[in-house]
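Morning, everyone. Please put the model on the screen, and I'll walk through side-chain packing, rings and charges.

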Amino acid sequence: MLDRNPFRYGSPVSGEFFTGRASEISAIKSRIRNGVNVVVMSPRRYGKTSLLLRVREELVAENAALLWTSVLRSRDSADLVSTLANQLFRLPGAKWHRLKNALADFVRRLRVTPTVTMTATGEPSFSFQPALAAGDVQSVLSDLYAMLSTETQKRPAGIVLDEFQAITDLDEQLPLLLKALADEYPNVSLVLAGSKRHLMERLTLSAGAPLFGMAERFALGPIQQDAMIDYLVSRFETGKRPIGQEVAVLLATYAGPIPNNIQRLAYETFELATAKVEKNDEELIESAFAQAISHEADRFDEEIERLAVGQRRIMFELAKTPTESPFSGEFARSVRLANPSSVKRSLNALLEAELIRREPTTGQYQIADPFLRKWLTEN
């Protein structure tokens, strides 16, 4: 039997590698079942995509009709609607699985005829040319929405668009079209998720936004501490290198509160651990933390080099001392910037790049990644 590390990080997780979020999963599933539109927002690495994948998995098991795609993975708007068309045709239990002339019926419902090819398994695959006009893309999306809405007569239906902040890179008119379609087909839930808060707010939440007022907002925070501790203890036990509750708390404290970072440190801790981790083994956690930093040092170096000089100084200062008052004259002098306005411009750029974050409970500005924070203090 292979000796596998029981932790995963760096990409969305599922199955045994997913933990917590029970209340969030229940709330989003309820909204989709009832045709409520939702905006899910979270910083990077909080597990937003993993959460949505779990929601999809559970709803599909309940026979819901759900389309799901990442906007960032679409090369252009034609690619986006091609992905949705293929998912719609293949929906388990959809009428096209029962019709004798299913393919012809599906294509007939589209005002723009796609290219149809057959896969190795004998299934049709639909694609639209990259040069497809914006108006034609909008027609296809409208037709897909209309077809999906017919499923709501017998089961819940929804469309999940992850990394929605990139939608206007494909077509500036798509947000307005989605608003119109959501109004026209209120039984189809539209779930829009993104990790760039300022862009998501500009599209969905700010007054005057194209999707303003059409969806309920979910701000995803850290996983509950108790759930994460139980998960860590259980996973180390699965890997036959058990740790106690106190070591799990120590590990989560070092890397928290972001779920991906906790999994990252747990991975390195498992690699360094012996058959059993002794109680309160802080030296092991520190060694694992140092190993994680050494693996990321080149990337950290590149990230800092790309920054303007003033932004670098802010990063080093916040790594040393997080602050609630970065707009004071004292802070501006400490980072050698001309005035608080210069600090604000640099801070906004760092916030948008998600290199720093504002801790919601204390209001402190701090480095978002604990491994980067430690690397900065040592350099």
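Start with Leu51, which is found in helix α2, residues 48–61. Helices here are DSSP runs of H or I with at least four residues, strands are E runs of at least two, and both are numbered from the N terminus.

Before going on, the ground rules. This is a predicted model, where local features need pLDDT of at least 70, side-chain atom pairs count only at pLDDT 80 or more, and totals for chains, interfaces and linings use all residues. Residues are numbered from 1 along each chain as its sequence is written, and side-chain values use heavy atoms, with hydrogens and water left out.

Back to Leu51. Is Leu51 buried or exposed? Leu51 counts as buried, because its relative accessibility is 0%. Buried means under 20% relative accessible area, exposed means over 50%, and partly exposed is in between, with a 1.4 Å probe and protein chains only. What does Leu51 touch, leaving aside neighbours within four places in sequence? Phe18, Arg21, Glu24, Ile25, Ile28 and Leu220. Contact means heavy atoms within 4.5 Å. Val13 and Leu51 are 38 residues apart in sequence, yet 8.7 Å apart in space, C-alpha to C-alpha.

Now the rings. Rings of Phe, Tyr and Trp (its six-membered ring) pair if their centres lie within 6.5 Å; planes under 30 degrees apart are stacked, over 60 edge-to-face, and the rest tilted. That rule gives twelve aromatic pairs. One of them is Tyr9 with Tyr267, edge-to-face, at 5.3 Å centre to centre and 75° between the planes. Tyr9 lies in the segment before α1 (22–33) and Tyr267 in helix α11 (residues 259–272), so this pair ties together parts 258 residues apart in sequence. Tyr9 is partly exposed at 30% relative accessible area. Tyr267 is partly exposed too, at 25%.

Next, Phe89 and Phe106: also edge-to-face, 5.1 Å centre to centre, 80° between the planes. Phe89 is in helix α3 (residues 77–89) and Phe106 in helix α4, 17 residues apart. Phe89 is buried at 10% relative accessibility, and Phe106 is buried at 0%.

There is a cluster as well: ring pairs link Phe7, Tyr231, Phe236 and Phe270. Over the ring of Phe270 sits the charged end of Arg241, 4.1 Å from the ring centre. The test is NZ of Lys or CZ of Arg within 6 Å of the ring centre and within 35 degrees of the ring normal.

Last topic, charges. A salt bridge is a side-chain nitrogen of Lys or Arg within 4 Å of a carboxyl oxygen of Asp or Glu. The count comes to 26 salt bridges. Among them is Glu163 with Lys48, at 3.2 Å, N to O. Glu163 lies in the loop between β5 (157–162) and α6 (167–170) and Lys48 in helix α2, so the bridge ties together parts 115 residues apart in sequence. Both Glu163 and Lys48 are buried.

In helix α11, Arg264 and Glu268 are four residues apart, about one helical turn. Their side chains meet in a salt bridge at 2.5 Å, N to O. Helix α12 (residues 282–305) holds Arg299 and Glu303, again four residues apart. Their bridge is 3.0 Å, N to O. Arg299 is partly exposed at 31% relative accessibility, whereas Glu303 is buried at 16%.
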